[in-house]
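The sequence and structure are shown first.

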Amino acid sequence: MTFLLLLLAGAAFAKEPALTYPPLEFTVPHATRTVLSSGATAFLAEDREFPLVYLSGSIRGGAQLEPADRIGLAAIYSTLLRSGGTRTRTPDEVEDFLDAHGISLEFGASQEVITFSLSALTTEFDRGLNILGEILTSPRFDGARLSVSKSQHLEGILRRNDYPGAIARREIRAALYGIAHPYGWYPETDTLKPISRSDLREFHKMLIFPDRMMVAMAGDLSIADMTAKLEKIFRGMRRSPGPIPVITPVRPEPPPRTIVAPKSLTQTTIILGHLGVTRHEPDHFALEILNQIWGSGGWTSRLFAEVRSKRGLAYAIGSTISEPADRGLIAVYTETKSSTTAETLAAVEDITKRMREAPPGADEMATAKSFLINSFIFNYRSANAVATQRRDEAFYGYPADWLDRYRARIDAVTADDVLAAARKHLRPEAATLVLVGDERKFDKPPESFGRPVTRLTLTPSP
């Protein structure tokens, strides 16, 4: 009887029409773009859901403009913008004011850009904007705070060889770019100690111009109010005398070699990489899919599936294809037991070579495209995210329809396009290898990896 009831129920369900849904539609949101009288470009978006306002900015420059004898200046500079006070306020007064009004204000520095971000309740936003304006036009760079920041960075140098991943990343960049180039250099004690308030002021004078600045603003204000507030805060700031200084081009790629950084560890950190592409690379979309299939796609990537899931050689493994203003890195990174160093390296090289031998399968292409296209919408979860995305699109020189056409251009990439990109850009035979670990425990000596070997001497932490 029970069986009969189940059979009848199944038949009833079978007669129900299949559920259908309309196709998902997503139109990339736009922000209002305006050029202020100061020359700054703003991307604005209203969001009345909460009484909050967000502002973030990107200023052309960054660590690439540091003098070669003051490497580390940009990092200290961004710290002192936030913590060093203004001409009329001490550092403590700035801190107390921000805390009292619930205002978040941060600065940062990367290779190409100085950044700031400000957020506050709508009723407090003008106060935060005024503080930001004071910092941008008249920073104090307090001497005592400078001493603290330098001490912290110097302590970081003393301890930078504690972390295998940091060593590997530092050494691959130094090897490929050279320590005389901003992409490859890193701070040392003798470049940090001399940094003075005068250096910070000169760096500030070289960087802070509204016409080198793009901002994103979103929140509980009208577009007209946002524009008026930004006009007020940036009005009167001097314009730049010209474009930012051009940095020396990346040198020709050095011959491949194996760099061994000795650490008494039970595992080896591995980075295998070579110079790659620049921003606005014509093969960009094919490279995005290639990287997804090769190693950046997590569980579905070939590196992960083979090296971790199938062979159990590593817990984490991935690939990167960066696109800075000049040549970026194409690299694989992983960690493995010391005793499987050579085995892991051989697997990585084999998988990379096979990326160049045949086009990816239909399932791989579908998975990679699905991830990139479907995850794209999460870049637009808020008005602030929309304004920021549009700001970044313009700041880095992409066409105004770059984001609008992104999904269609990803979808248009063919398996043959990916194969052509792999054959053009993946060059494992030219890659430099960095190994951080105890070579006495390797399953094969470094000399067997097919590259000349350089052994580093790492200064131990005190």
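Which residues line the largest cavity?

## Basis

This is a predicted model, in which local features need pLDDT of at least 70, side-chain atom pairs count only at pLDDT 80 or more, and totals for chains, interfaces and linings use all residues. Residues are numbered from 1 along each chain as its sequence is written, and side-chain values use heavy atoms, without hydrogens and water.

## Largest cavity

The lining consists of Leu272, His274, Trp294, Ile330, Ala331, Val332, Thr352, Leu426, Arg427, Pro428 and Ala431. A cavity is a set of points on a 1 Å grid over the protein atoms alone where a 1.4 Å probe fits but cannot get out; lining residues have an atom within 4 Å of a point. This cavity holds about 70 Å³ of space, a volume being the space filled by probe spheres set on the points, which are joined across faces, edges and corners.

E10 gives the most to this lining, with three residues. Strands (E, at least two residues) and helices (H or I, at least four) are DSSP runs, numbered from the N terminus.

## Second largest cavity

About 40 Å³ of space lies in the second largest cavity. Its lining comprises Ile270, Leu272, Val332, Tyr333, Thr334, Leu345 and Val348. Here too E10 supplies the largest share, three residues.

## Sheet

Six strands form an open sheet in the order E9-E10-E8-E11-E7-E12, with mixed pairing; two strands pair if DSSP finds at least two bridges between them. The edge strands are E9 (317–321) and E12 (453–455).

Definitions and conventions
1 Å grid on protein atoms, 1.4 Å probe; cavity = no way out; pocket = protein on both sides within 12 Å on 5 of 7 lines; lining within 4 Å.
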